[in-house]
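Me: Hi, could you look at a structure with me? I'll paste it here and ask a few things as we go.
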Amino acid sequence: MNIMTSFWRQLIGLFLVVILVTSGFAQEVKTEAAAPIDQQVQDLKRSVLNLNRELFVLEEELLFPANTQLMLFLSMDVGKYFELDSVEVTLDGKELSSYLYTPRETDALLRGGVQRLYIGNLKSGEHELVAVFTGKGPSGRDYRRAASLGFEKTLGAKFVELKISDRDSSQQPEFVIREWE
Amino acid sequence: MRSLARKLSLVAAIIGSGQLCAAEVTPRAGVVIEDLSYGQVLYEYYKQDYFSALTTLLVEEHFARINEHATEAELLRGGLLLSYGLHSDAAEIFELLLGNDMAPTLVEDGKALFAEQELRGRAWFFLGKVLFQRGYTSEAAEALRYSGDKLPDHQSAERDALLSQAYMELGELGKAEQIVDAWESVDDWGNYARYNLGVALVKANRVNEAGVYLDAVGTIKASSEEMLALRDRANLALGFVWLRQEDGAQAKVALERIRLAGPFSNSALLGYGWAEAAQGNYRGALVPWLELRDRKAIDPASQESVLAIPYAYRQLGANQQAVESYTAAIQIYDDEIGRLDRAIVVARQGELMKQLLTEDISDFSRVSWSLSSLPDTAEARYLYEVIASNRFQTGLRNYRDLLMLASHLRDWQARLGIYGDIVDSRMAAYAIALERLPDGLYAEQIAAHRSTYEGVAETVSAAENSYGSAVFASAKESAVLQRIDALENSPEWAMASADAQEKLQLFKGVLSWDMDSDFKLQLWQQQGQLSELGTIIEDSENTRARLVQRLTATPLLLEDYAERARMLAPQVEQLIDEVAVVSSLQISELGEVAAEELVDQRERLLQYRAQARFAQAAIFDSVSASTELAE
């Protein structure tokens, strides 16, 4: 009986170790240098990140010089009265951008993220931008609204923000297009 | 690898939710966006695309488009680097943010000071995390302590969980207990901290105290799968702790709380059998164990049940069945060990990994690997357990990151070629435009206009100074003036009558009066026109100057682009090669990790087999002794 009791304890002890390993808490706590392969992966990540920055900078300077640059951004504030599905943007009557949102993207917008919707070039002068927002409005009904902005493009980059916010007084969403200095 | 495993064990909550990266760094909530570019970084971050978030941040900082959130952005950059596994780079940023003065600010009045303290607190917090992950536990605990009381709630909870874990690792269980006992809110971090403390106390053989914490987690009201799994895990640990104490009744209470359909149901069945056995109910013990025996043989609980069954038979006095079951168990273990040996060889060859990994690389954002594409072979079934292990998942993250890097680099390779073409096209277009331009770029024409303008301006100025109204005389008036002049200079005029001469003087006077009365208007009109003309000429001169400047700068700019593209292209090529090499190494490493995990499984089976042989021999000895005694 003593032998079996010992046997029983051994088995339980063995399995307890298995449980703790499975739970991830049976590892010894010791400082150990990262494996060489981890270091190599880290070095590569660092190199690619830096290279990526250089490449994006070159791309922007080459394709979208500051003097003619136009950037469109989209942001959302709260989103209680509007659930964004898509946005279509036209500039001087021509389609500029059309975007369909995934739940992850709308979530990112609701949490305070700002999406760069478009980057391109625009000649100096007067222009008109029209954005059409589609989604679910108050009470979950289909909702489609437009907003427009007339603006002058001068020399230098132009930043324009399409902003969707809640207007509590009317319990309706509000769509505003504004220029940034 | 051990440190990585430790890191993973620390944040088991994160692993469970599949959001290891997401929980690594969190920007301050409710930030009013003052720079669109900073919002753009947050957008990528919230989408959990950390590589894009980091790249965007670096690019926007390069163009100096993040000014209002500069410090916040640096903190985020450090957090993103930490999340992306670049610990040393992250640590540098946090240390830089904290400056040389590593002591916390103690002044607490004023909004700005509050914001600064919050920021410093978060920097300390992130630095503490980096240090912890790099194995500097003592320093990490110090940094975490400095993070103060201005952290947002979710980070404060995470800080407390990390700090308590650090104390556990430093063997200062009392301090860890103080933190856990003072936990006021009921949150996931608190549950993990209690669970960790419970396990640490078990290891320290303070079983009764451990039971309190494990029981607390084992009775939480959970709704998420993550917390349900943690609750099951706590009950399982608690159940086996009581079993080790030979307290079957208490063990059953804990084990009965485990979900039948959960991932720990097999282990619960095994434990339940032991609990019955501990209470002397071996028939009752056989029920779950026999059920387990028929389940998959690679599950540790099922493997142990094979050994527990003959033990129960032996206790029930059924020696014959016990011997047969031990024989069957030994055969099962032999078979499994043989299959494991083959699986180890296949894993080390790396072919299995390649087959597994290349089938499911489309979605880089997945934290865990899909098991659906496992090859249907005898060796592959062992991989289920291997793939779920922390070590394998860590290597897998590396491999997935490498695949993503390779994808980015290939994309850039193609784009750089296009950009090279764009630069060439622009250079060609520039050369053609240059040929079409006239010599001197209208310099003579513009100079001539300038000269004419200045001549007219001089005349007008002279007229103004001399009050010379004749300058602005109309054609008719000029003709009349000429006729009068001719008349007065003629020889006959001296003989003209006094009346005629008086009339002419009168006429001259009237004409002069008319011209003088229009002079100011004329002068104003002329000066206005002159000013407009001056502006036009100046515009022409400026336009020409800009054109000259662009003509000078454009080739330099295009050459600069071309040069940068030329320099970057081989770097892209080189990194593509390096990523391929390291990816291959990582595959081998994964194979080795898999093999090591399989070796661990094999070791466990060897122990079970030894136990079975020993127990079988003990029965034979006992029977033999009884027979001798009878004889």
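This is a predicted model: local features need pLDDT of at least 70, side-chain atom pairs count only at pLDDT 80 or more; totals for chains, interfaces and linings use all residues.
Me: Which exposed residues sit on the face of α11(B) turned away from its buried side?
Reply: Those are B:Gly174, B:Gln178 and B:Asp181. Residues are numbered from 1 along each chain as its sequence is written, with chains lettered from A and ligands numbered from 1 in the order in which they are written.

Me: And which ones are buried in that helix?
Reply: In α11 (residues 173-181) of chain B, B:Ala176, B:Ile179 and B:Val180 are buried. Helices here are DSSP runs (H or I, at least four residues), numbered from the N terminus. Seen down the axis of α11(B), the buried residues fall within an arc of 95°, so they line one face. That arc is taken over the directions from the helix axis to the C-beta atoms.

Me: What do they pack against?
Reply: The buried residues of α11(B) pack against α10 (153-169) and α12 (188-203) of chain B. Contact means C-beta atoms, placed from the backbone, within 7 Å.

Me: Which residues of α11(B) meet α12(B)?
Reply: B:Leu173, B:Ala176, B:Glu177 and B:Val180 do, and their partners in α12(B) include B:Ala193 and B:Leu197.

How values were computed:
A residue is buried if 20 or more other C-beta atoms lie within 10 Å of its own, exposed if 12 or fewer, and partly exposed in between; C-beta atoms are placed from the backbone. Helices (H or I, at least four residues) and strands (E, at least two) are DSSP runs, numbered from the N terminus. Two residues are in contact if their C-beta atoms, placed from the backbone, lie within 7 Å.
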